[in-house]
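Open the viewer and get ready to click through a few side chains. Keep the selection tool at hand.

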Amino acid sequence: MNFEEEVLPPFKRASLTNNAAAKKRLWKSLKQITSTERTLQWSEDAVTYSSVNPPPSFRPAKKYSDISGLIALYTDPQTKLYYHNAEEFATIRNFPMDLTAGYLALRGASSIVG
């Protein structure tokens with residue numbers, strides 16, 4: 001063995017490189033994956049992205065302020081609107097009833113103020 005010849009480790013030899021791995025990897029979005037899954041024939045018991053139903057969460061759902069969209073720490077007992085801080089509370093108390101009902105309708109709350 002000559003010291004003048006450079007011996008490369010096997011993983012660096014040009015003859016062992018994979019040309020497919022040298023290409024840039026293209027990523028698919030979830031929408032592309034699910035649309036591809038719908039076009040293929042699957043058995044009834046096959047698990048796909050669209051067939052997985054997760055169990056319900058044990059954590060309570062987060063509540064967001066009806067005014068600002070920030071995480072609501074408080075609920076107004078009179079109007080049942082969620083609010084984040086004292087400024088929003090003062091604003092909510094000055095709302096007319098139709099505006100309060102509109103906010104509750106946007107949130108999907110079934111209780112009517114009254």
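Select Arg107, which counts as partly exposed because its relative accessibility is 29%. Bear in mind that the model is predicted.

The side chains of Arg107 and Asp66 form a salt bridge, 2.8 Å from N to O. Arg107 belongs to helix H4 (residues 97-107), while Asp66 sits in the loop between helix H2 (30-39) and E1, so the pair ties together parts that are 41 residues apart in sequence. Is Asp66 buried or exposed? Asp66 counts as buried, at 15% relative accessibility; the cut-off for buried is under 20%.

Select Arg93 and Asp76 for another salt bridge, with the closest N and O atoms 2.7 Å apart. This pair also links distant parts of the chain: Arg93 is in helix H3 (residues 86-93), and Asp76 is in the loop between E1 and strand E2 (82-83), 17 residues away. Color the two by accessibility. Arg93 counts as partly exposed, at 38% relative accessibility. Asp76 is buried, with a relative accessible area of 0%.

**Stop three: a nonpolar patch**

Switch to a surface view. Select Tyr64, Ile71, Leu73 and Tyr74, which make a nonpolar surface patch of about 420 Å².

Finish on Tyr74. Which strand holds Tyr74? Tyr74 lies in strand E1, which covers residues 74-75. With 42% relative accessibility, Tyr74 counts as partly exposed.

Technical notes: Residues numbered from 1 in each chain as written. Predicted model: local features only at pLDDT ≥ 70, side-chain atom pairs only at ≥ 80, totals over all residues. Heavy atoms only, no water. Patch = residues over 30% accessible without salt bridge, like charges linked within 9 Å, V, L, I, M, F, W, Y side chains within 5 Å. Areas by Shrake-Rupley, 256 points an atom, 1.4 Å probe, with all protein chains shown as cover. Salt bridge = Lys/Arg side-chain N within 4 Å of Asp/Glu carboxyl O. Helix = DSSP H or I, 4+ residues; strand = E, 2+ residues; numbered from the N terminus. Buried < 20%, exposed > 50% of the residue type's maximum accessible area, 1.4 Å probe, protein only.
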